[in-house]
Amino acid sequence: MQSLLAQQRLSSLKEAFKSDFFIGTALGAEHILEKNTKANELIIREFNAITPENHMKSVNIHPEWNRYDFFLADKFVEFGQKNKMYLAGHTLVWHSQLPNFVHKIKSADSLKLFLTDHINTVAGRYAGKLNSWDVVNEAIEDDGTFRKSIFYNLLGEDFIKMAFDLAAKADPKAELYYNDYNNEQPAKRKATIEMIKKLKASGSKIDGVGIQGHWSINSLKLKDIEDAIVEYAALGLRVSFTELDLTVLPNPWDLKGADVNQNFENSPKMNPYPKELPDSVQTTLAQKYEELFKIFLKHQDKIDRITFWGVADNHSWLNGWPVRGRTNYPLLFDRNFEPKKAYTSVMNLKNTKPNL
Ligand code: XIL
């Protein structure tokens, strides 16, 4: 006979998956500063892990050679500590959202100086407070070649080892992650595994791989995701899904023969649900999340954390990318901070009592 407790409906994502993995969300400035009561209550109720969506990126935290701005990053850490959450640092080395002065660097020596000062200062400041760092973000292209970023162009692939070694020294307790998108797909996965093997063979510390998980309900490749979990874990690494969201909107890159000058921004075809999401799409979203979470649960022994890239649909970056001004619905909570059908389908995987 089930105990009374077991029969009770689970009250939150973090509660439901507490024996499986952390459930996280990305926080923007308004969340960190607790501007919206409903959002704040939701964050505290549902999630036990947080990532700063933008405020630890170099453009924000290190705007000039000799100037750092820690205001929101410090507040983020305070928020997480106050609520006893897993704190994920994001990100130390990334080609995007770089401050202007970095784009102007021309020599390998200057870039090394930047990397050293940046990682020592940022990882050093939060040493012992963060659970993990995304040390390097997005260093590999979809075809498996190294991205020709300023870091690669001036330092070659050694910049990756350099970053991990600096981070390990500056914050010995944090788990160190390599983070990327599409790294579940075969070509990129293979190149990532080679890169990690080299890194480990050279004596560097790396603890995990972050699979961002920016996917679409129209092209979710479950087999790639499962293979990636298994293969990364076989390297002795933890796996986390660090930026999960499922777009429900058409992808401009899928439009065969699309005129590159076409104005996607004001095209109703590209923004089909400006008012609300039709039931049929809501149901598909719920099914896709359910399929995904079944895989996550099957491999919960290898997975540390599932973090959604945003709190609720209103705040998702996918309303503005890759086409500006659209209305997207990629998360588990709607614009009123209410749980969607997708929330229920994910929770039902753990509920002992069916939803009535
Ligand atoms: C995005 C943020 O969500 C946006 O607010 C910002 O304008 C651009 O960056 N991969 C990453 C994240 O690692 O940091 C990105 O976040 C999304 C893609």
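Buried means under 20% relative accessible area, exposed means over 50%, and partly exposed lies in between, with a 1.4 Å probe and protein chains only as cover. By that scale Arg45 is partly exposed, with a relative accessible area of 39%. This is a predicted model, in which local features need pLDDT of at least 70, side-chain atom pairs count only at pLDDT 80 or more, and totals for chains, interfaces and linings use all residues. Residues are numbered from 1 along each chain as its sequence is written, and side-chain values use heavy atoms, with hydrogens and water left out.

**Around the ligand**

- Which of the 13 residues around the ligand come nearest? They are Glu53, Lys57, His90, Glu243 and Trp309, where a residue is near if one of its heavy atoms lies within 4 Å of the molecule.
- The shell around the ligand is made up of three nonpolar, six polar and four charged residues. Here Ala, Val, Leu, Ile, Met, Phe, Trp, Tyr, Cys and Pro count as nonpolar, Asp, Glu, Lys and Arg as charged, and the others, Gly among them, as polar.
- The ligand takes up the space of the largest pocket. On a 1 Å grid over the protein atoms alone, a pocket is an open set of points where a 1.4 Å probe fits, with protein on both sides within 12 Å along at least five of seven lines; a molecule sits in it if more than half of its atoms lie within 2 Å of its grid points.

- Glu243 has a polar side-chain atom 2.7 Å from an oxygen atom of the ligand, a polar contact being a pair of N or O atoms within 3.5 Å.
- On its own the ligand has 410 Å² of accessible area, of which the protein covers 78%; the areas come from the Shrake-Rupley method with a 1.4 Å probe.

**Salt bridges**

- How many salt bridges does the structure hold? There are 22, each a side-chain nitrogen of Lys or Arg within 4 Å of a carboxyl oxygen of Asp or Glu.
- Arg45 pairs with Glu46, their closest N and O atoms being 2.9 Å apart. Glu46 is buried at 1% relative accessible area.
- Glu15 and Lys18 join in another salt bridge, at 3.0 Å from N to O. Glu15 is partly exposed at 32%, and Lys18 is exposed at 58%.
- Asp304 and Arg238 also form a salt bridge, with 2.7 Å from N to O.

Terms used. A polar contact is a pair of N or O atoms within 3.5 Å; within protein, one must be able to donate a hydrogen and the other to accept it, and residues adjacent in sequence count only if both atoms are side-chain atoms. On a 1 Å grid over the protein atoms alone, a cavity is a set of points where a 1.4 Å probe fits but cannot get out, and a pocket is an open set with protein on both sides within 12 Å along at least five of seven lines; lining residues have an atom within 4 Å of a point.
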